[in-house]
Structures are given as structure tokens and as C-alpha cells.
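Please examine the sequence and the structure before reading each solution.

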Amino acid sequence: MRAFFVIFLFLFHISTLAQKYTISGYASDFETGESIIGANIFSNDYSAGVSSNKYGFYSITLDEGVHVISFKFIGYETITKEFNLNKDIEFNAEFKLSNIVTDEVTVTGKANVVQRTETSVIEIPIQQIKSIPALMGEVDVLKAVQLLPGVQSSEGTSGFYVRGGSPDQNLILMDGVPVYNVSHIGGLFSVFNADAIKNVRLTKGGFPARYGGRLSSVLEIDMKDGNMKEYKADATVGLISSKLMIEGPIIKDKTSFIVAGRRTYIDLFVRPFMPNNTDLTLHFYDLNAKVNHRFSRKDRLFISAYAGDDIFAVDFTENFSNGSGFNEDTRLIAGLGYGNITSTIRWNHLFGDKLFSNTTLIYSKYQFNTGFGVESTLGTTLGNENYDIDFGYKSGIEDIGGRIDFDYTPNPNHDIKFGVSFTNHNFTPGQNDLSINVSYPPADTSNINISVDTTLFFSPQVKANEAFFYFEDNIKFTNRLKANIGVHFGIYNSLNFRSVVNQFSDTDISFEPRLSVRYLLSDTWSAKASYAKMRQNIHLLSNSSVGFPSDLWLPAVDAAPSQNSEQIAASINTELLNGEIEVSLEGYYKTMNNLITYEAGYSNLQSTESWENSIEIGGEGESYGLELFIQKQKGKTTGWIGYTLSWSNRKFDNINQGNWYPYKYDRRNDLSIVLNHKFNDKWDLGLTWVYGTGNAITFPRSTYFSTLQSGRNDNFYVWNIESYGDRNSVRLPSYHRLDFGVNRHSQKKNYKGTWSFGAYNLYNRKNPFFAYLAYQNTRRVAKQVSLFPIIPSVSYRIQF
Amino acid sequence: MNNFIKITFILSLIVSCDLETVIDLEIPQDPPMIVLNGVLDTDTTISVIISNSVGAFSNTNPAFLPNAEAFLFENNSLVGQISPDTDTAYQVNVYGDGLQITYPMYVYKINHNPTKNFTYRIEVNHPAFNETAVAETKIPDDINIFNIDIDTTFDGGDRTRLNFSFNDDGTARNYYRIRVFAQCSKSFEDEYGYFDEYYWDGDVDFSSNDPSFPQTNFFELDEPYSFIGDEVIFSDALFDGQEKNIILDIETYEYKFSYCDTVNIEFSTFSEDTYSYYTSLESHLESGEVDIFGGEVVSVYTNVQNGLGALISRNTQIIPLK
């Protein structure tokens with residue numbers, strides 16, 4: 001550790017000897033004022049460069065003298081400007097869309113894969129996501145992420161599995177706030193409305209020190225800031241939902257807003273066909289809102305919020321009368337709802353020209369509720385008997401926290417980031433409430449009234465505090481050698497409210513070193529390597545058959561301590577055809593420990609055990625593989641090919657007799673081909689083909705008799721037992737499908753309209769969703785359920 | 001264009017209304033294997049059942065194997081051949097998913113009682129199978145029960161309270177099972193004056209708040225017990241190497257207890273194999289078959305090499321209640 005700091009200070013010192021001045025400012029879109037993330041700013045004569053951060057801020061410090069600085073972002077015209085550096089200079093780079101490139105499909109504008117220090121990072125611009133054919137025409141950020149190498153998924157779910165990790169090991173941040181449930185309708189769609197999103201970035205390994213709290217990936221989703229120049233609207237009418245986004249300036253170039261909403265309307269279609277005595281509610285909605293204000297060059301405030309819910313409810317009433325004094329009024333209500341609320345306040349502040357800070361306050365809440373109730377009134381000759389029975393279940397998690405991040409660029413050879421974060425988690429692991437009220441008429445003396453209001457199977461609320469400090473430096477050692485070196489210190493403790501006296505369990509401190517190294521082999525080839533140690537202080541208990549919104553988020557406690565991982569990755573990267581095509585081949589090896597899972601046989605929908613008594617702990621995991629990513633970024637035809645060859649295994653003492661077994665999402669081969677072609681201004685086409693090895697499942701392989709049991713009256717019996725072999729030793733059939741989409745654009749006087757037609761699963765492949773046992777002519781057979789046949793879609797989008 | 005849009009819209013609605021399709025699935029099956037099952041107890045002669053497994057989707061059911069060769073080894077020394085007792089056929093009910101059949105089953109026997117702390121191995125050959133199935137188990141040690149107290153007046157006489165103690169062996173993980181077992185035969189006169197003979201031979205419910213017992217009472221909120229059941233299997237995890245006191249409350253108003261002349265407590269010590277087998281069998285039966293809503297299935301413990309089944313052991317002591 002000491003040697004690390006000595007080397008760092010030495011390198012830092014020798015790079016700061018000469019008289020230097022700083023050019024700093026913000027990179028933004030000329031037409032909308034949206035900040036541009038990752039624009040390249042470099043000195044032509046100094047061969048030094050920096051990138052704008054996620055708020056568009058950059059700072060480049062150079063020797064005194066005249067410098068020609070280029071500001072570059074793919075898809076935009078390059079800005080080249082000469083600066084006479086004899087003092088610090090402010091310059092805001094406002095990028096104009098390139099006339100040349102606007103005729104093409106803009107795919108990405110980031111530093112290319114050869115130059116970047118980071119490994120295992122993929123960014124997908126929202127324009128690219130919108131051009132990918134989507135299920136029912138509903139553009140979906142997470143479905144696009146699932147097409148990337150190293151990311152596995154399952155039909156009909158929004159969850160994703162990165163490099164052998166489970167879904168809870170993905171930190172999904174929307175404007176810096178963790179989002180715990182990312183699914184609508186059990187996973188058919190994600191909660192992210194693409195119309196409100198600016199940028200999507202997935203980090204699978206080589207995590208910089210600023211990230212922590214999850215083992216497998218960080219998915220950053222940045223909302224648009226809102227147009228600073230003029231009002232804009234974007235509306236889409238689709239088969240199952242409609243969307244509306246409005247953005248514009250409140251004070252031009254100072255304050256802007258964006259509001260985006262989406263709602264499905266299946267229930268509105270179905271309702272006219274429902275009986276009069278039945279009311280159905282079945283929909284989801286999302287609402288995104290954001291306001292930002294520039295107080296000055298040095299201060300800017302962002303306030304953003306998201307709310308989304310899935311609501312399913314049935315309200316049924318029935319009246320009965322026999323005409324001789326007896327009548328019955330009954331009302332049955334059953335409902336299920338779940339959703340997130342997130343909000344954040346972020347304050348950007350500049351301390352001088354080199355030190356940028358961002359202070360963030362966050363709030364995030366996920367809650368799952370389900371329940372049913374019966375209200376019944378029986379009219380008898382003695383009077384009314386009233387029955388009121390309600391049963392409810394709820395679980396969830398609520399976070400309140402804050403963090404401060406600093407970005408310090410003393411010179412082009414160092415980009416230092418450091419900061420501190422604190423989060424208070426409040427877990428509700430599951431609670432069943434029962435209320436029974438039965439009352440009889442006073443004249444009925446043979447019965448007594450009953451009133452019960454109780455909580456059954458209560459897993460107590462648990463609070464946990466999580467804090468971390470990080471420091472990282474992106475160091476340029478030579479023109480060829482760059483490294484991102486960092487450390488992440490985590491502190492964690494949980495407060496357990498089970499006892500009357502709150503008890504602090506032992507505070508857990510973690511030290512997580514991080515390292516990424518890039519070496520330029522030539523102008524077009526680079527080699528990279530990374531190491532990251534990660535710790536995760538929360539768990540997700542998920543039924544292993546299928547993911548439900550009822551899956552439980554839980555804190556690390558003594559009985560189920562924090563999960564850990566270590567990952568090494570190495571890649572070779574190149575660009576072809578003058579940078580039009582990027583190619584990377586990356587290998588990784590990841591180990592995990594302290595994993596948890598439900599005990600075999602446990603179903604959270606059927607069992608009454610508390611979670612602590614229902615889990616296997618101390619699980620180990622390992623995953624390794626190779627990922628090939630070929631991406632074409634420019635031209636009329638764009639897209640990517642992602643191929644993953646991987647292995648992912650798990651080991652628990654009490655599962656599979658303590659032997660290693662394949663993880664459910666162990667997928668040997670996984671291939672995605674994503675293509676977009678723009679024919680002209682009116683027509684463009686999208687095609688996606690995916691292939692994946694079938695999921696690993698546990699299924700009966702033979703049957704046999706149990707030991708002899710003696711029953712009543714000297715009856716003997718045996719059980720016919722299923723032999724399953726090793727856990728997950730059976731493979732479902734492979735998964736593949738072709739999606740197709742075509743867009744027709746028309747530019748009218750006051751608006752731009754786009755018709756989108758598409759088909760999901762074009763060749764109607766019966767992909768497996770799950771398998772089960774059935775009987776056919778008294779013979780037992782295995783059956784497979786497939787969710788989606790070919791599904792055509794159509795939508796109309798209007799922008800003005 | 002308008003027609004295309006209309007057709008697309010209508011088609012989408014139609015297919016969206018019924019997205020789920022079901023098709024047959026080819027799943028690989030295991031070939032048949034020898035299945036060896038036996039529970040060795042110190043108070044009975046050794047007997048086992050030898051049968052065969054079948055593929056999970058086979059047209060046939062598992063069956064008793066009458067012509068197997070089985071050999072018994074005690075502490076690695078050959079005791080002798082275990083032979084099928086074809087004179088005595090047990091009419092055995094076979095229960096399983098979609099299956100409830102009764103057919104005769106024969107038991108392989110040898111006139112030899114197991115001895116505590118001895119290890120027994122059984123090897124089975126059969127001409128239809130290439131490999132020898134082998135399993136072994138160690139008979140648990142005796143356990144000394146003391147301070148037995150039976151209070152028949154507990155809870156106003158509605159329950160009998162049994163209180164007893166034993167010393168747990170601290171050198172190993174130990175497993176125990178308690179059952180309350182009743183046997184009786186009574187005649188009752190029905191409302192028409194006829195007499196019905198009633199036979200009972202089975203388990204009786206009991207209750208306890210012992211922390212080593214699993215919690216089973218979730219619904220009977222007015223019953224002040226964490227465990228209610230007719231059999232409990234538990235380990236010494238909470239009292240390893242200590243003197244353990246057990247309190248059981250047995251319902252006496254229930255006919256199985258009140259009408260039976262003989263009611264015994266069976267207190268058994270299990271080998272680890274036995275504990276693993278019974279607990280996994282219970283979970284296996286509870287969890288049911290592969291089901292999207294049912295959680296992960298549970299495999300039943302087997303200690304038979306080159307085969308399936310379980311050769312397990314126990315050491316049982318009886319505490320008479322009536």
C-alpha cells in the first residue's frame with residue numbers, strides 16, 4: 001500500500017513541474033443544449049487528451065504557449081480552436097451535428113475501444129436502442145443490453161445475467177439512483193422509457209473504484225436533461241401502450257425540463273367485454289420527470305424523479321336472494337401491485353478549473369403488495385350477518401442516501417476521481433397480514449362475533465447502513481501505457497430490530513483494490529488487462545424456477561454474510577476500415593463466495609418459513625469465458641456481432657451433495673447479431689438474430705422405489721421417487737429467434753412522423769420458457785411451454 | 001397501407017391473447033439401475049428390498065428383482081448371502097404422481113441382527129446389470145434415557161406430558177427421531193346396534209416447544225406450541241455434547257390415544273445417512289415435481305454406489321406410555 005502511494009506521488013510530482021494553464025468548460029449539443037458525455041478533447045501538438053465527464057465537463061491543463069485543441073464527438077462536427085495559453089481559459093464546446101454524418105446512422109460517439117483504458121465496458125446510444133426491433137414494438141433498454149456479449153437472459157424476462165452472476169449482482173442506476181425492480185408484467189418489459197433516456201453504459205468487469213456494492217455489473221442509465229433551446233414533443237402510439245415526452249426550456253439556456261410518461265391500456269380494451277359485476281384493472285405506467293438549472297458556470301442543479309407501478313386487480317360482486325327472506329351480497333377483491341419510486345437531487349459545483357464536484361441525494365423505494373379480501377353480508381330472518389376477511393402480503397426495500405464525487409484533472413496525465421457515499425437501507429423481507437371480522441345480529445345468540453387483526457409469518461424489518469470511500473486515478477504513464485488504479489473502502493453494518501434493544505452486528509470493513517491497464521501495441525491495436533475485487537452487502541432471494549416481483553431483497557447479516565467476488569479480465573482490441581469497425585476479444589475469470597439461495601424444495605409462494613430458515617448459505621461460484629464483440633459504428637449499415645463462450649458453476653454444501661453444478665444460466669454459446677441499415681431518409685431496417693445454448697435445468701431422469709414404509713393396520717407402502725441426477729444436468733433446447741423491424745419516416749411541415757412495423761420471432765421458433773411433466777395416454781411425458789410465437793407490431797411516432 | 005395496418009393490428013391482438021404454447025420435449029433418461037433399500041435396526045434381523053429403476057418416461061414401472069445375488073459384510077467380513085424370502089409376499093402400495101398400484105414384493109433376508117457401532121456393507125449383483133451395487137452404513141450407539149416422567153393429569157387430563165433426558169455424544173453430530181406409536185383393536189356399537197371392529201396401528205400427534213424441533217405450527221394460533229406433528233427428526237446442533245431434556249405433550253382426548261391399549265414412544269438415534277435420507281425424502285415429497293411455481297426440486301439422498309436407494313440404520317428404544 002505504501003509503495004503504491006510513493007509511486008503515485010512521484011509520478012504526480014514529475015508531471016507538474018512546468019508552468020501550466022487550464023482550458024475547461026462543458027461539452028453540449030448546439031441544438032438541444034444536452035450535455036455530451038465522453039467527448040474527446042485533445043491538443044494536436046501535445047498529444048494529450050481528456051474526455052468530458054457524465055455532466056459534459058472537461059478540464060485540460062497544458063504548458064504555457066499556443067495550442068491547437070480539437071473537440072471531437074462522432075456524429076458531430078469537430079471543433080478545432082487555437083488557444084494562447086497564458087492564463088486559465090473557459091470554453092464551452094457546443095457541437096453541431098455533422099452534415100456528413102447526419103445522413104448516416106449515428107451509432108456511438110465514445111472514445112474507441114482501442115484507446116479506452118477501461119475493459120469490459122459497452123455503451124449503447126439510445127438511437128441504436130430505438131432502432132433494434134422490439135417485442136410488440138415496445139422499445140426496451142434492457143432487451144438491448146441482453147444482446148451484448150457476456151450478458152445472458154431468459155425469454156420473457158427483463159433480468160439479465162452478466163458473466164455468470166445473478167440478477168441481483170447488477171447495480172442498475174438511473175441518474176445515479178439504484179433501481180431494484182426493473183420489470184413490468186413480470187419481466188416482459190423493463191421500467192425504462194427509452195424516450196426519456198440519453199445514455200446507457202454497461203460495465204461488466206475491470207470496475208473503476210467509484211463503483212461498488214454489486215459483484216457482476218454496473219448499468220448506468222442517464223435520463224435526458226431536457227432541451228435548453230426549444231420545446232419539443234415526442235409521442236408514440238403502440239399496440240399495448242402509448243408514450244408522450246415533452247421537453248423544453250423554462251429559462252432559455254439556464255433551466256430546462258423533461259417529462260415523459262407511458263401507460264399500457266390492455267385493461268381499457270378488455271373492460272368492455274367484462275361482465276357488469278366484474279371490474280378489472282391491469283396496467284403499468286412509468287413517469288419520468290427532470291428539471292435542471294444552471295445557476296452559473298460553476299453551479300448546476302438537477303432534480304429528477306421516476307415512478308412506475310404494475311397494477312392488477314379484480315373486483316367482483318354478486319347478489320343473491322331466494323325471495324323468502326334470505327339474501328347474500330358478496331364482494332371479492334384480489335390485487336397485486338409492485339413498483340419503484342426513485343428521486344435524486346444532484347448539484348454540480350466547480351472549485352476552480354480543475355476540480356469538479358457532484359453532490360447527490362438519493363431516494364429509492366421498491367414495494368411489492370398482494371392481497372385478497374372477501375366482504376359478505378347474509379340477510380337472515382334474525383338480521384344481517386357480516387363477514388369481512390382480508391389477507392395481505394408485502395415486501396420491499398427503501399434506500400435513502402447521499403454521495404459526493406470529485407473529478408480532479410491536474411494535467412493530461414492524470415484524471416483523479418474520489419468521493420464518499422452513504423446509504424441507509426430499510427428492508428421489509430416479507431409480512432403476511434390477516435384480518436377477520438365476523439358479526440352476527442344481536443338476536444342470534446348461538447354465535448359470537450369474531451375479530452382478529454394479526455400479522456402472520458413476520459420477517460422483521462432490518463435496517464442496514466452502507467458507506468464507502470474511493471480514490472482512483474486514470475494515469476497516462478506513456479503515450480502507449482495508461483492505467484486506472486484505485487481503491488474502494490466499504491463500511492457496512494446492519495441494525496436488526498428483532499430484539500427490543502437494537503443490536504449492532506459487527507461492522508464489516510472491506511478493502512477492494514481495482515486496476516485496469518491499457519497498452520497500445522500500435523495506433524490500431526491495444527491490449528488490456530484488469531483486476532477487480534467487489535463486495536455486495538445485499539442479497540436477492542429468488543425462486544430458482546422463475547423470477548417474480550415477489551423475490552426478496554435482503555441485507556447481509558451474520559447468517560448470510562456479504563457476497564464477494566474477484567475478477568480478472570484481459571482483452572485485445574483493434575479497429576478496422578479506418579475505425580468503422582471495432583473488434584475486441586476478451587477473456588475473464590470470476591470467482592464469487594458467500595452466495596445464498598433458497599433451500600431445495602422451498603417455494604416463496606408456498607412456504608411459511610421465514611427467509612433465514614429457508615436458505616442455503618456460503619455458496620461459491622465461478623465463471624469464465626471468452627467474449628467477441630465486433631461493432632460497426634459508421635456508415636449506412638451499422639450494428640454488432642457479439643459471441644460469448646462461457647462456463648458458470650455454483651457450489652453449496654447442501655445442494656447436489658456438495659458438488660459443483662452448472663448455474664441455471666450457464667450458457668456455453670451465446671450469439672447476437674444486430675444489424676441496422678438506412679436505405680434513405682424515408683426507410684430504415686433493423687434485424688436481430690440471437691442464439692443461446694438451452695438453460696440448465698433439473699429434471700427427472702429415472703424413477704425408483706423408496707424404503708419400505710409401514711402404515712396403519714400393517715399396510716406397507718413405498719413411494720415412487722424421482723431421480724434427478726446432478727443439479728441442472730439437463731439442457732432445455734437451444735434458444736434462437738429472428739426479429740425484424742422497418743421504419744418509414746416522413747418529414748412534414750410541422751412534425752416528423754415515423755411508422756414502425758415489426759415482427760418478433762419472425763420464423764415462429766418455439767423457444768423454451770419452462771419445462772414440466774404431464775401424462776399422455778397414461779404415459780408420462782415432458783412438455784415445454786413457449787411464450788412468444790411470431791408477434792407482429794405496429795406503432796406510430798410523432799416528433800414536433 | 002391502411003389495410004396492412006389493420007391486418008397487422010388484428011393479428012397482433014389475436015396472438016397476444018394466447019401467447020403460451022405447449023410442445024413435447026425430448027429429455028434424456030438414465031438407463032435402469034439396481035435399487036437397494038434397507039433400514040437396519042438393532043432389534044430386528046437384517047432385511048432389504050432389491051428392485052430396479054426405470055427411465056423417467058418409461059412405459060414400465062419399477063419392479064422387485066427376485067433373482068439378485070446379495071452379500072452381507074460386517075466390519076468388512078463376509079457374513080453370508082442375503083436371500084429372497086419368496087414365501088412371504090408383502091402387498092405393497094406404491095404411491096407416486098399419477099400412480100397408486102398394489103403388488104407383491106419380496107424381501108431379501110438373513111438371520112443376523114446388527115450390532116451397535118458395527119459397519120455393514122451389502123453388495124448386490126444381478127445378471128441384467130453390469131455393475132455391482134454397493135452400500136454401507138454404521139449402526140448408531142445405544143443411548144441412555146433417564147429421568148422419565150409421565151404426567152397423565154397435564155392440561156386437565158387432555159394431554160399426557162412426557163419428560164425425559166439423555167446425554168448427547170459430543171464427539172460427533174447426532175440425529176434423533178421421536179414417534180408416538182399406538183396399536184389397538186376396539187369394537188363400537190353403531191346407532192343401529194351393530195358392532196364395528198376398529199383397528200388402529202399408527203402414529204399419534206404430539207406437541208412441543210423444544211427449540212431443536214422444526215417449527216410446524218403456523219396456523220393453530222391458539223395452540224401454544226411451535227411443533228405439532230406425529231414424528232420429529234432433529235439433530236444435536238443446539239445441544240452437542242450436553243444433557244438434553246425433552247418435553248412432549250401427547251393428546252389423550254384423541255381416539256388413537258384414548259382407545260388404544262398400547263401407546264409407545266419410539267426414540268431412535270440415526271446415522272447421518274439415515275437423517276439425510278429421511279429429511280430429503282420428506283422434502284422431495286413435499287416439494288413435488290418440476291413446477292414453475294414450486295421451487296427447486298429435491299433429490300433424495302442415496303448412498304448406493306452404481307445404483308440407487310439407501311441402506312440406512314438406526315438404534316431404537318421404546319418408552320411405554322400405556
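**Exercise 1.** Find the bridge partner of T644(A) in strand 40 of chain A, and then describe how strand 40 pairs with strand 38 and strand 41 of chain A.

*Solution.* Step 1: the bridge partner of T644(A) in strand 40 of chain A is D670(A). The model is predicted, with local features requiring pLDDT of at least 70 and side-chain atom pairs pLDDT 80 or more, while totals for chains, interfaces and linings use all residues. Residues are numbered from 1 along each chain as its sequence is written, and chains are lettered from A and ligands numbered from 1 in the order in which they are written.

Step 1: strand 38 (residues 637–651) and strand 40 (residues 669–678) of chain A are antiparallel and pair over nine bridges. Strands are DSSP runs of E with at least two residues, helices are runs of H or I with at least four, and both are numbered from the N terminus; two strands pair if DSSP finds at least two bridges between them.

Step 2: strand 40 of chain A also pairs with strand 41 (residues 683–692) of chain A, again in the antiparallel sense and over nine bridges. Here I673(A) has W689(A) in strand 41 as its bridge partner. A hairpin of four residues links strand 40 to strand 41 of chain A.

**Exercise 2.** Determine the strand order of the open sheet of five strands in chain B, and explain why strand 11 and strand 16 each have one side without a neighbour in the sheet.

*Solution.* Step 1: the order is 11-12-18-15-16, with antiparallel pairing. Step 2: strand 11 (145–151) and strand 16 (227–229) of chain B stand at the edges with a single partner strand each, so one side of each lacks a neighbour in the sheet.

Step 1: strand 15 (residues 206–208) of chain B runs antiparallel to strand 16 and is joined to it by three bridges. In strand 16 of chain B, I228(B) is the bridge partner of S207(B).

**Exercise 3.** Which residues have the most contacts inside the largest nonpolar core?

*Solution.* Step 1: a nonpolar core is a set of buried Ala, Val, Leu, Ile, Met, Phe, Trp, Tyr and Cys residues joined through C-beta atoms within 7 Å. A residue is buried if 20 or more other C-beta atoms, placed from the backbone, lie within 10 Å of its own.

Step 1: the largest core has 93 residues, and I129(A), V141(A), V145(A), I197(A) and V200(A) have the most contacts inside it. Contact requires C-beta atoms, placed from the backbone, within 7 Å.

Step 2: beyond its neighbours within four places in sequence, I197(A) contacts residues including I126(A), V141(A) and F192(A). A second, separate core of 57 residues includes L162(B) and V304(B).

Key:
A residue is buried if 20 or more other C-beta atoms lie within 10 Å of its own, exposed if 12 or fewer, and partly exposed in between; C-beta atoms are placed from the backbone. Two residues are in contact if their C-beta atoms, placed from the backbone, lie within 7 Å.
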